[in-house]
Amino acid sequence: MSTRAETDFALPKRARLHFGDLALRGITGAAALTVLIVLIWIAYKVTQQAWDAISTFGLGFLTSSQWNAVTNQFGARDLIWGTAVTSFFALLFAVPISIAIGLFLSELAPRRLRGPVGALVELLAAIPSVVLGLWGILVMGPFLEQHVEPFLNDHFGWIPLFSGTPSNVGLLPACLVLTIMIVPIVSSICRELFDSVPSDLKAGSLALGSTRWEMMRSVAIPQVSGGIVAAVILGLARAMGEAIAVSQTIGGTARTGWSLFGSADTLASRIANQYQGAATALQTSSIAYLATILLVLSLAANLTAALIVRRIRRRMGATR
Amino acid sequence: MQRFRRSALLVFAAGTVVLAAACGSGGGTTTVTKSSGTPTSSKVLTGAGSTLVYPLVSQWEPDYATKAGVTITYGAIGSGGGIDQITARAVDFGASDAPLSADQATACKGCLQIPWALGATVVTYNVKGVPNNLHLTGPVVADMFLGNITSWDDPKIKALNPGVSLPSTKVTPIYRSDGSGDSFVFSSYLSAVSPEFKSKIGASTQPPFSTGTGAAKNSGVAASVQSTDGAIGYVAISYIAADGLNQALIQNAAGKYVTPSVDSIKAAADAVNTARADGSIPLVNPPASAATAYPLSTYTYAIVPKTSSKASELKAFLTYAITDGQQFGPDLGFPPLPSAVVSSDKTEIASIS
């Protein structure tokens, strides 16, 4: 990277030794280093806090469904399940919507509408999660309980997902709140991706007689499919890590089961609910263990996204 | 692109203004400073914890500032948070509705727990068509939270409420998903009256309930109960009147169905005078000799370090809280402390150095 920059600008030697430049390099470098140090320090501290629970429960923690402050037995299975289910369904709802928004804003919307609509979608990301959660409890939860869930139960009750009693808190409200939170992120990346598809490719496809839909399906989407995957993974990391809005809407009962109407709990929501006032030292440590798991999952998701983006860059670089 | 940026910025700015306005009225921490004119003393005591005791502390703040010239800053962040803060010595005193657990006491390194106010946890419910003041017993409530009683027209509930028509609505237990003094009182009481509850769940600030749904804080439980037909939950006594919730009358050891009130909590406190070694005084399920006692009463505690750099200020404030400060209690639903507790508190306070 740095060698390329130097050859690009071909700075004279004297300028490179200039004090201001050196100071600038020092300051910016220190800023970059700080991020790295903070990341490592957090990971170290969280793991250190979790060490009691890690040495007590080992990897069995991941498969144990116990979470009992009275008997001092803790396990993360139900919470990992809750995190997986909420993230999966949030993505299932959010990804098609986000791709559609991206296509609309990039290819179909009248020029005049693009700015305001795009801004509104991004504004959705500016709503604090605690406010979304409140809306989830007071407005969306009761609406789902009275209208949506009975309908699903009556007509599709034979599918395990829609079995059980309608409830104003549970997996479904949590999934929908998460959907609202990740749509802005994924859709704005999708829009940028579609904007980046060379217009000569699009024009060529249209000139060959494609309809707009055929052009999108055969040219625009395949061109950026890797980027979309990376956007989805960033959305996933967001969904996994969200604590407050989920804790407000999910019901806080650690449980595994297929019904979307029942309450459950996620890693992040359990941490937010119980990190204060844990009854035993082992519980405090177990909450740190949950944090370690969440940290590992989030880092893995982000790294995967970064790897995919890099592979695409390389491939696109090769075709040019 | 340029236009997009500008409109995005505009919408964002508008949103920020709205949010800033909305946030202006929030916040659980109050700082009371002495009114201008007289030279203000720089003495400050900070505390954090229990939301139950907050209405009382907020009366002490201005009164104590005038009388002693000491500013009390109290953050009503919840009992669990209060214990964490005093353990980290981030505040001068903590406040908790549940006594410290063994691990918490160890972590707090020599903390005293001083009972400084009385309160109660109240069982609340919301069933369409069922009036206020339903009669329940501890074992029946335990069965509802264990999943043994699943509908409101269960014979066990009917037997306690002749003349009340009960629908077949499903019972939905609602409990606190965060660590809570109310959960501790509730689960301690149910453990005392139901062997099955004791063996399957037990007493804790975070009891491992296996049925129902959780909600965060008293306000979350109140909202959840109000929006769920068939709900049964528990909240601190002040939330009953504030949120217009139904209260269940729980049968005490003497066989009476008692309304939670200043008098019935005081009756429970008067019946129990023995403190445990750790300074806590468990009040749940008082003996049958206290005929009018409310069975889910509790002391709420000030948690203070035995050694403090502000020992003299702390001692003076705690003494004020358990004596002069008690006068504000009855109007707010806090019965005055029994004199035996006041004198044992004074001994504890004297040991702070």
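# Chatting through a two-chain model

User: How many residues does the contact take from chain A and from chain B?

Analyst: The contact takes 33 residues from chain A and 34 residues from chain B. Two residues are in contact if their C-beta atoms, placed from the backbone, lie within 7 Å. One caution: this is a predicted model, where local features need pLDDT of at least 70, side-chain atom pairs count only at pLDDT 80 or more, and totals for chains, interfaces and linings use all residues. Residues are numbered from 1 along each chain as its sequence is written, while chains are lettered from A and ligands numbered from 1 in the order in which they are written.

User: How much of each chain is buried?

Analyst: For chain A it's 41% of the 320 residues, and for chain B 49% of the 353 residues. Buried means 20 or more other C-beta atoms within 10 Å of a residue's own, with C-beta atoms placed from the backbone.

User: Which residues have the most contacts inside the largest nonpolar core?

Analyst: B:F93, B:A268, B:L296, B:A302, B:I303, B:V304 and B:L318, in a core of 99 residues. Strand β5 (residues 111–126) of chain B gives the largest share of this core, 10 residues. A nonpolar core is a set of buried Ala, Val, Leu, Ile, Met, Phe, Trp, Tyr and Cys residues joined through C-beta atoms within 7 Å.

User: What is B:V304 in contact with?

Analyst: Leaving aside neighbours within four places in sequence, B:V304 is in contact with residues including B:F93, B:C111, B:L314 and B:I352. There's also a second, separate core of 76 residues, which includes A:F57 and A:A288.

User: Back to helices. At what angle do α6(A) and α7(A) pack?

Analyst: About 130°, with their axes 9 Å apart. Axes are lines fitted to C-alpha atoms, for helices over the stretch in contact, and angles run from 0 to 180 degrees between N-to-C directions. The two helices are therefore oblique to each other. Angles under 35 degrees count as roughly parallel, over 145 as roughly antiparallel, 65 to 115 as roughly perpendicular and the rest as oblique.

User: Which residues meet there?

Analyst: Among them are A:L132, A:G136 and A:M140 in α6(A), and A:L176 and A:I180 in α7(A). By class, that contact has 9 nonpolar, 4 polar and 1 charged residues.

User: What about α5(B) and α7(B), how do they pack?

Analyst: Helix α5 (residues 138–146) and helix α7 (residues 181–193) of chain B pack at about 110°, with axes 9 Å apart. That makes α5(B) roughly perpendicular to α7(B). Their contact divides into 7 nonpolar, 1 polar and no charged residues.

Conventions. Helices (H or I, at least four residues) and strands (E, at least two) are DSSP runs, numbered from the N terminus. Ala, Val, Leu, Ile, Met, Phe, Trp, Tyr, Cys and Pro count as nonpolar, Asp, Glu, Lys and Arg as charged, and the others, Gly among them, as polar. A residue is buried if 20 or more other C-beta atoms lie within 10 Å of its own, exposed if 12 or fewer, and partly exposed in between; C-beta atoms are placed from the backbone.
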